Amino acid sequence: QVQLVESGGGLVQAGGSLRLSCVASGNFFKINTMGWYRQVPGKQRNLVAAITTDGITNYVDSVKGRFTISRDNAKNTVYLQMNSLKPEDTAVYYCNAFVLSEKQIGTSWGQGTQVTVSS
């Protein structure tokens, strides 16, 4: 079993910055692609950014140039640096990881961290 724990969410003013972190722990062989998703009430959970083990990244168009995803493989941690935040970025942000373990091959989710951007 793999546990993903997010941190770094909070309340910020428009134009401000936040840095989200997600740490993976537990028994696993390997973590491949990791990513960040976000969800608002009544809407589906959507991909924000993803990063492969080798550092290849992908972003949703609305955050390109403002958000940066990175990872530290030695620490099993993925980060999301969010700059120039906008009110429409307000959502619960979830960490996701593709995990290989004795009992799992597939994705795991964190519990989510709230990001609120005020105008």
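Predicted model: local features only at pLDDT ≥ 70, side-chain atom pairs only at ≥ 80, totals over all residues.
Residues are numbered from 1 along each chain as its sequence is written, and side-chain values use heavy atoms, with hydrogens and water left out.

On to the fold. The chain has eleven strands and zero helices, where strands are DSSP runs of E with at least two residues, helices are runs of H or I with at least four, and numbering starts from the N terminus. The radius of gyration, taken over C-alpha atoms, is compared with a globule rule of 2.2 Å times the number of residues to the power 0.38. For 119 residues a compact globule would come out near 14 Å, and the chain has 14 Å, so the two agree. Along the principal axes, the C-alpha atoms fill a box of roughly 45 × 30 × 20 Å.

How much of the chain is buried? Buried residues come to 39% of the 119, with buried meaning under 20% relative accessible area, exposed over 50% and partly exposed in between (1.4 Å probe, protein chains only).

Strands count as paired if DSSP finds at least two bridges between them. Strand β4 (residues 30–39) pairs with β5 (residues 46–51) in the antiparallel sense over five bridges, and Tyr37 stands opposite Leu47 in β5. Six residues sit between the strands of this hairpin, and Gly42 takes a positive phi near 80 degrees. Next along, β5 runs antiparallel to β6 (residues 57–59), joined by three bridges, with Ile51 opposite Thr57 in β6. This hairpin has five residues between its strands, and Gly55 in the turn has a positive phi of about 95 degrees. As background, side chains in a regular strand alternate between the two faces of the sheet.

Finally, look at Phe29, in the loop between β3 (18–26) and β4. Is Phe29 buried or exposed? Phe29 counts as exposed because its relative accessibility is 61%. Leaving aside neighbours within four places in sequence, Phe29 is in contact with Leu100, Ser101 and Glu102. The C-alpha atoms of Phe29 and Leu100 are separated by 5.4 Å, although the two residues are 71 apart along the chain.

Note on methods:
Contact = heavy atoms within 4.5 Å.
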